[in-house]
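My entries follow in the order I looked things up.

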Amino acid sequence: MKAVVMNGMGDSDVMEFVERPEPVATPGHVIVEVRVAGVNFMDIGVRQGMAWTETPNPKVLGVEGAGRVLSVGDGVTDLAVGDHVAWVYAPGSYSERLSIPTTSLIKVPDFIDDRTAASIMMQGLTASHFATDFYPVQPGDIALVHAAAGGVGLLLTQIITLRGGRVIGRVSSKDKVAIAQNAGAEHVIVDTEGEFVNEVLRFTGGRGVDVVYDGSGPKTFKASLEVLRRSGTLCWYGPVLGGPGPLDIMSLPKSVKIGYGVFFDHIHSPELFRERAGRLFDWIADGSLKVTAGGSYPLKDAAQAHKDMASRKTTGKLLLIPGGS
């Protein structure tokens with residue numbers, strides 16, 4: 001079986017396409033054929049030594065994907081061979097086959113293909129949580145969405161709009177403006193230096209936005225605070241790009257609220273995972289949510305996918321295809 005491992009902490013050159021032992025279905029697990037694996041900034045963080053440090057190298061990267069059940073372990077009654085499934089957190093997903101606990105799996109409706117299913121696991125569940133739980137967007141709310149043409153940003157923009165909110169999107173280049181607008185962004189700012197305050201305040205008549213979703217790293221933290229209305233909310237995420245450093249809480253302006261969006265808090269139980277994923281499937285079924293694929297790569301080219309994602313030049317969701325491209 002082929003898989004992509006990291007042989008040590010560092011840049012993408014520590015990644016290698018290798019032969020690995022076939023997985024075995026232990027009790028409560030199933031073996032899946034990985035037809036599509038998703039690429040996330042989290043994977044880059046693992047490669048850089050920000051997570052999974054307790055697992056020795058070489059270790060297989062990746063956490064999400066979609067495919068078919070090949071075999072089931074003892075005690076598995078809710079899944080059968082041939083079932084179409086997707087998963088949200090199963091370490092080792094950059095592989096051709098994988099053993100996954102049933103609690104991490106959801107059955108995928110027939111009308112959703114593997115690429116779509118893999119694309120909405122981590123990023124779709126994150127976007128859904130941000131706009132419905134972390135800050136429940138209300139009709140008329142205005143949100144600033146950083147990286148609005150990225151995987152999370154495009155889904156988040158659509159969900160905010162679906163809930164009656166308005167979106168100011170921030171993108172890194174002019175060629176991403178139309179992509180963010182097509183997702184529902186009412187106004188799009190092109191900026192790479194964190195200099196967006198004046199334009200946001202001008203768009204909102206000086207009031208500021210109700211919520212900022214910022215996964216862009218420390219460069220934008222201060223400016224994100226400045227564009228919030230009084231008692232506005234900053235949703236901070238994306239630890240791979242670094243945190244804002246120590247905060248003097250007495251210096252925070254306008255009684256703002258700051259929170260850090262941690263993925264495992266989005267779906268802290270198997271039941272919640274399936275409920276939220278099912279809601280995403282429903283939105284796709286009725287046309288409310290459209291998934292934008294940013295590019296697909298053969299599994300052996302996972303290192304190139306990491307390079308492209310880190311460059312911030314990509315849009316939408318990046319996918320790895322074990323069986324091709």
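**Entry 1: two helices**

I began with the contacts between helices H3 and H4. From H3, Gln-123, Gly-124, Thr-126, Ala-127, Ser-128, Phe-130, Ala-131 and Thr-132 meet Gly-151, Val-152, Leu-155, Leu-156, Ile-159 and Ile-160 of H4. I note that this is a predicted model.

Next I looked up the geometry of the pair. The H3 and H4 axes come within 8 Å and cross at roughly 40°. Angles under 35 degrees count as roughly parallel and 65 to 115 as roughly perpendicular. H3 and H4 are therefore oblique to each other. The crossing of H3 past H4 is right-handed.

**Entry 2: the sheet**

In what order do the strands of the open sheet run? I read E11-E10-E9-E12-E13-E14, six strands with parallel pairing. From one strand to the next, the twist averages 15°.

H3, residues 122-134, lies across E12 (209-214), E13 (228-236) and E14. Its direction is at about 145° to E13. H4, residues 151-162, lies across E9 (142-146), E10 and E12. H4 runs at about 170° to E9.

**Entry 3: strand E10 and its partners**

I took E10 next, residues 166-171. How many bridges link E10 to E11? I count four, in the parallel sense. One pair I checked is Ile-168, whose bridge partner in E11 is His-187. On the E9 side, five bridges join E9 to E10, again parallel. There Ile-142 stands opposite Arg-166 of E10. E10 is mostly covered, with five of its six residues buried.

**Entry 4: His-146**

Is His-146 buried or exposed? Its relative accessible area is 0%. The cut-off for buried is under 20%, so His-146 counts as buried.

What does the His-146 side chain make a polar contact with? I find the side chain of Arg-170, at 3.1 Å. I also listed what His-146 touches, leaving aside its neighbours within four places in sequence. Arg-170 is in that list too, along with Phe-196, Val-212, Tyr-213, Asp-214, Gly-215, Ser-216, Thr-220, Ser-224 and Tyr-237.

How values were computed:
Residues are numbered from 1 along each chain as its sequence is written. This is a predicted model: local features need pLDDT of at least 70, side-chain atom pairs count only at pLDDT 80 or more; totals for chains, interfaces and linings use all residues. Side-chain values use heavy atoms; hydrogens and water are left out. Two strands pair if DSSP finds at least two bridges between them. Axes are lines fitted to C-alpha atoms, for helices over the stretch in contact, and angles run from 0 to 180 degrees between N-to-C directions. Contact means heavy atoms within 4.5 Å. Buried means under 20% relative accessible area, exposed over 50%, partly exposed in between (1.4 Å probe, protein chains only). A polar contact is a pair of N or O atoms within 3.5 Å; within protein, one must be able to donate a hydrogen and the other to accept it, and residues adjacent in sequence count only if both atoms are side-chain atoms. Angles under 35 degrees count as roughly parallel, over 145 as roughly antiparallel, 65 to 115 as roughly perpendicular and the rest as oblique. A crossing is left-handed if the near helix is turned anticlockwise from the far one by less than a right angle, and right-handed if clockwise.
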